[in-house]
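Subject: Structure handover

Hello,

Here is the structure you are taking over. Please look through it first, then read the notes below it.

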Amino acid sequence: FAYLKQFFTIDGIKCGIIMNKKGLIIMKIYNTLTHKVEEFIPNEEGKVKMYTCGPTVYNYAHIGNLRTYIFEDILEKTLRYIGYEVQRCMNITDVGHLTSDSDSGDDKMIKSAKKENKSVLEIAKFYTEAFKKDTEDLNVKWPEIVSPATENIPMYIKMIERLLEKGLAYQSGGNIYFDTSKLEDYYQLTNHKIDEMVVGARVGVEEDKSKKNQADFVLWFTKSKFDSQELKWESPWGLGYPGWHIECSGISIKNLGEYLDIHCGGIDNIFPHHTNEIAQSEGYLGHKWCNYWVHGEYLNDQTGKMSKSKGEFLTLSVLKEKGYDPLAYRYLCLTSHYRKPLVFSYEILDNASLSYQKLKQRVQSLKTEENPNETIYQEYNQKFKEYLEDDLNTSNAITLIYDLLKSDIDNGTKYALIRSWDKVLSLNLCEEKEISESLKKYIEEKIEERKKAKEEKNYALADQIREELLKQNIILKDTREKTTYEIK
């Protein structure tokens, strides 16, 4: 697929620029496996097989989780935009994900089902639909292949049987474990050292006396381990259910084949989840499995990493209830690099929301009969591609829009470029804003709250409500009959 297009000499050494068939410099992406930015070259010319870890559907996704799906969406759309054919697969974890790294604690699905007095499958269906609605609100493309873990039990059993045959797994204490001591470089994806993984040296590492080595992990649980598990299947080792890690490997290999180009997730997936995926997948296949591992950084609030384990976390629904456009949050994410921690506060979101609404308004003011200048169009479009090909530099891509708007280029060319770029950015910059029912309800409640404040002569609160709405581009207009509003 890649070949040398242009040759030149530096200090007597013949060099060349690697380009693809369309003459575009190949995309560069940070590869966690090699710990550096690399040129992306897929296994098959012009085609990309991409796997992204899906949600464990025991609760709503928080906005930190959703930041990961936004960056993965940008990656997929960038690949498509620069000419690749992308096949993407995502799992839905509805069994096997425990609350501890050390194969102990409750199954997250069981814990949620007990709390809500529902069956595991009811919980899974409800939160899967909630997650899908979040992705729709954020313009995150739903993958072509989405597979619940519970639908792939035969594949996990097949993989585990082969790992046992190869001596890479063993049975102990009623479970099947992967034997990490059989690997030369189990920690190739991380900078961990084996002595950092001993009991007490890292949160989530607890002693399991059934393991030969403390880094070993469960491939299959049986009833001897968790009798309370609701979902169980017959297996050669007894009634039981799969471990979390084997699920992603099985789903990926079953749907995308033995060679994977890109595997994505949040940085919290690097260890142990993705580390274990590499171990069992390459043990099963007998060859290198995935060439590029791409991870997104945390979203932090004022107390640190946003996490469900804290008990309180922000969902997209909460932002919508407060009147924020979900795409203002997407815009906020795109103004930061996916590999940099992003700090969230309502003040930061207010500023992003205001910038997003102003940008959208400026773009829509360009609307005219499109007759773009082809030379200028290609020049700016090449810049846009180069920014995204540079390890998904969405911040520079957004800045390019502002530079374009400030230029003296004709409106038809500007609008055509932004309309094309928005296929990747997915900010609906060229679409007329429709007021959602949740936003209407929020504004009406605020107007009523302000009305009561004025009746009680609490003018400070009334002014505060007006200012709060103004920050979100909602302008109140008082008339003798009633208060109306306009969204800029």
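The notes below go through the structure by type of feature.

This is a predicted model, in which local features need pLDDT of at least 70 and side-chain atom pairs count only at pLDDT 80 or more, while totals for chains, interfaces and linings use all residues. Residues are numbered from 1 along each chain as its sequence is written, and side-chain values use heavy atoms, with hydrogens and water left out.

Salt bridges

A salt bridge here is a side-chain nitrogen of Lys or Arg within 4 Å of a carboxyl oxygen of Asp or Glu. The structure has 19 salt bridges. One of them pairs Asp73 with Arg330, with 2.7 Å between the closest N and O atoms. That pair links distant parts of the chain, since Asp73 is in helix α1 and Arg330 in helix α8, 257 residues apart. Helices (H or I, at least four residues) and strands (E, at least two) are DSSP runs, numbered from the N terminus. Asp73 and Arg330 are both buried. Buried means under 20% relative accessible area, exposed means over 50%, and partly exposed is in between (1.4 Å probe, protein chains only).

Lys182 forms a salt bridge with Asp179, where the closest N and O atoms are 3.9 Å apart. Lys182 is partly exposed, at 48% relative accessible area, whereas Asp179 is buried, at 4%.

Lys446 and Glu449 also form a salt bridge, with the closest N and O atoms 3.6 Å apart. These two residues are three residues apart in helix α13, so about one helical turn separates them. Lys446 has a relative accessible area of 15% and is buried; Glu449 has 35% and is partly exposed. Elsewhere, salt bridges that share partners join Glu72, Glu76, Arg80, Arg88, Lys141 and Glu144 into one network.

Helix α8

Helix α8 covers residues 326-334, and nine of its nine residues are buried. Among them are Pro326, Tyr329, Arg330 and Cys333. Asp325 caps the N-terminal end of this helix, with a side-chain oxygen 2.9 Å from the backbone nitrogen of Leu327. This is a polar contact (a pair of N or O atoms within 3.5 Å; within protein, one must be able to donate a hydrogen and the other to accept it, and residues adjacent in sequence count only if both atoms are side-chain atoms).

Aromatic rings

Rings of Phe, Tyr and Trp (its six-membered ring) pair if their centres lie within 6.5 Å; planes under 30 degrees apart count as stacked, over 60 as edge-to-face and the rest as tilted. The structure holds 21 aromatic pairs. In one of them, Tyr81 and Phe384 have ring centres 5.7 Å apart and planes at 85°, so the pair is edge-to-face. Tyr81 is in helix α1 (residues 63-81) and Phe384 in helix α10 (residues 374-389), 303 residues apart. Tyr81 is buried at 17% relative accessibility, and Phe384 is buried at 0%.

The rings of Phe126 and Tyr127 are also edge-to-face, with centres 5.0 Å apart and planes at 85°. Phe126 is partly exposed at 39% relative accessibility, but Tyr127 is buried at 5%. Phe40, Tyr84 and Tyr292 form one aromatic cluster.

A charge sits over a ring if NZ of Lys or CZ of Arg is within 6 Å of the ring centre and within 35 degrees of the ring normal. Lys212 lies over the face of Tyr170, 4.5 Å from the ring centre. The charged end of Lys383 sits over the ring of Tyr380, 4.8 Å from the centre.

Cysteines

A disulfide is a pair of cysteine sulfur atoms within 2.5 Å. By this rule there are zero disulfides. The sulfur of Cys53 has its closest cysteine sulfur in Cys248, at 3.9 Å, which is too far for a bond. Cys264 is in no disulfide either, as the nearest cysteine sulfur, that of Cys290, is 8.5 Å away. Cys53 is buried, at 6% relative accessible area, and Cys264 is buried, at 0%.

Backbone

A cis peptide bond joins Phe271 and Pro272, with omega about 5°. Pro272 lies in helix α6 (residues 270-285). His35 has a positive phi, near 60°, and is not a glycine; His35 is in the loop between β3 (28-31) and β4 (36-39). Ser426 likewise has a positive phi, near 55°, and lies in the loop between α12 (411-425) and α13 (437-455). His35 is partly exposed, at 34% relative accessible area, while Ser426 is buried, at 7%.

Regards
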